[in-house]
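Me: Could we go through this structure together? I would like to start with the strands and then turn to particular side chains.

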Amino acid sequence: PNTSFSFELPVAADVHWSLPDPLPLLDSLPGIRRADLDGRLYPPVGWAIEDYPVSGYEIVFRPAASESTLSGAIERHAIADDEGSFRVPNLVAAAYDVFVLPTWAVGGTWPRLDHVEFDHARDVSTPQSLWMRVRCGEVSGDLYDTGGRPIEGALVKIWPRKNPDRVWPPQGTDPQGHFRFRDLPAGEYLIEVRAGSASKVVETSVPVGRRVSVRFPALDTRDES
């Protein structure tokens with residue numbers, strides 16, 4: 001059986017790993033069954049796809065931990081089109097953990113905008129489909145200086161309050177001082193802004209399917225050095 005071992009460096013002596021007893025020999029390998037899978041990815045509840053496009057979002061099919069290594073299942077990826085449709089051709093019949101990633105996180109592991117356990121095509125003669133939904137919200141805000149003028153080009157970052165290592169791609173405010181972060185799973189977040197010598201961090205809560213507007217105090221961007 002597949003076996004994992006761990007050790008810490010440096011080691012004071014030789015490291016000895018004992019393998020478990022080998023698995024019994026098989027008379028033959030199990031047959032691999034495959035079937036095409038068609039799916040659809042929907043925007044958050046209450047939003048039309050025109051208001052929350054999902055084109056380019058990635059749907060990842062990862063064999064479940066309980067799945068036999070002899071099933072032939074491997075990790076597969078699909079990309080949603082402009083309508084949210086996707087297809088995985090010749091997907092091996094197996095159990096999968098399926099999750100959705102936004103376009104900027106394609107090829108990664110987070111943030112997971114939806115996650116389901118899916119048992120694919122045990123009867124390959126019956127067509128199967130899968131629908132998933134982007135389960136997240138968004139945050140926006142506007143930055144102004146003490147003279148009431150919008151601040152363009154301010155650096156804005158956001159991350160989960162309990163996980164500061166997972167920072168969304170930073171943004172710069174537009175000419176109107178506006179910023180917006182999408183694809184935020186429900187939770188508590190910290191938002192940091194930096195403009196000239198000024199900086200500020202505020203906390204906000206993001207529910208699923210909601211647009212949250214965050215108010216910042218006026219920032220004194222003058223360089224006082």
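**Strands and side chains**

Me: Which residue is the bridge partner of glutamate 188 in S13?
Reply: The partner of glutamate 188 in S13 is serine 205. Please note that this is a predicted model, in which local features need pLDDT of at least 70 and side-chain atom pairs count only at pLDDT 80 or more, while totals for chains, interfaces and linings use all residues. Residues are numbered from 1 along each chain as its sequence is written, and side-chain values use heavy atoms, with hydrogens and water left out.

Me: How many bridges hold S12 and S13 together?
Reply: S12 and S13 (residues 198-206) pair antiparallel over 9 bridges. Their hairpin has 2 residues between the strands, and glycine 196 takes a positive phi near 60° there.

Me: What about S9 and S12?
Reply: S9 (residues 155-160) and S12 (residues 187-195) are antiparallel and joined by 6 bridges. Within that pairing, valine 156 has valine 193 in S12 as its bridge partner.

Me: In what order do the strands of this sheet lie?
Reply: The sheet is open, with 4 strands in the order S10-S9-S12-S13 and antiparallel pairing. S10 (171-172) and S13 are at the edges with a single partner strand each, so one side of each has no neighbour in the sheet.

Me: Changing topic: where is serine 71, and is it buried or exposed?
Reply: Serine 71 lies in the loop between S2 (58-63) and S3 (76-79). Serine 71 counts as buried because its relative accessibility is 12%; buried means under 20% relative accessible area, exposed over 50%, and partly exposed in between, with a 1.4 Å probe and protein chains only.

Me: What lies around serine 71?
Reply: Apart from its neighbours within four places in sequence, serine 71 is in contact (heavy atoms within 4.5 Å) with Ile32, Val92 and Ala94. A polar atom of its side chain lies 3.0 Å from the backbone oxygen of serine 68, and one lies 3.2 Å from the backbone nitrogen of alanine 73.

Me: And how many salt bridges are there?
Reply: The count is 10 salt bridges, each being a side-chain nitrogen of Lys or Arg within 4 Å of a carboxyl oxygen of Asp or Glu. One of them joins arginine 135 and aspartate 114 at 3.1 Å, N to O. Arginine 135 is in the loop between S7 (128-133) and S8 (137-142) and aspartate 114 in the loop between S5 (95-101) and S6 (115-119), so the pair ties together parts 21 residues apart in sequence.

Me: Which residue does glutamate 138 meet in a salt bridge?
Reply: Glutamate 138 meets arginine 180, at 3.9 Å from N to O. Glutamate 138 is in S8 and arginine 180 in S11 (residues 178-184), so distant parts of the chain, 42 residues apart, are linked. Glutamate 138 is buried at 4%, whereas arginine 180 is partly exposed at 37%.

Me: Which salt bridge does glutamate 192 form?
Reply: Glutamate 192 pairs with lysine 157, their closest N and O atoms being 3.6 Å apart. Glutamate 192 lies in S12 and lysine 157 in S9, so this pair ties together parts 35 residues apart in sequence.

Terms used. Two strands pair if DSSP finds at least two bridges between them. A polar contact is a pair of N or O atoms within 3.5 Å; within protein, one must be able to donate a hydrogen and the other to accept it, and residues adjacent in sequence count only if both atoms are side-chain atoms.
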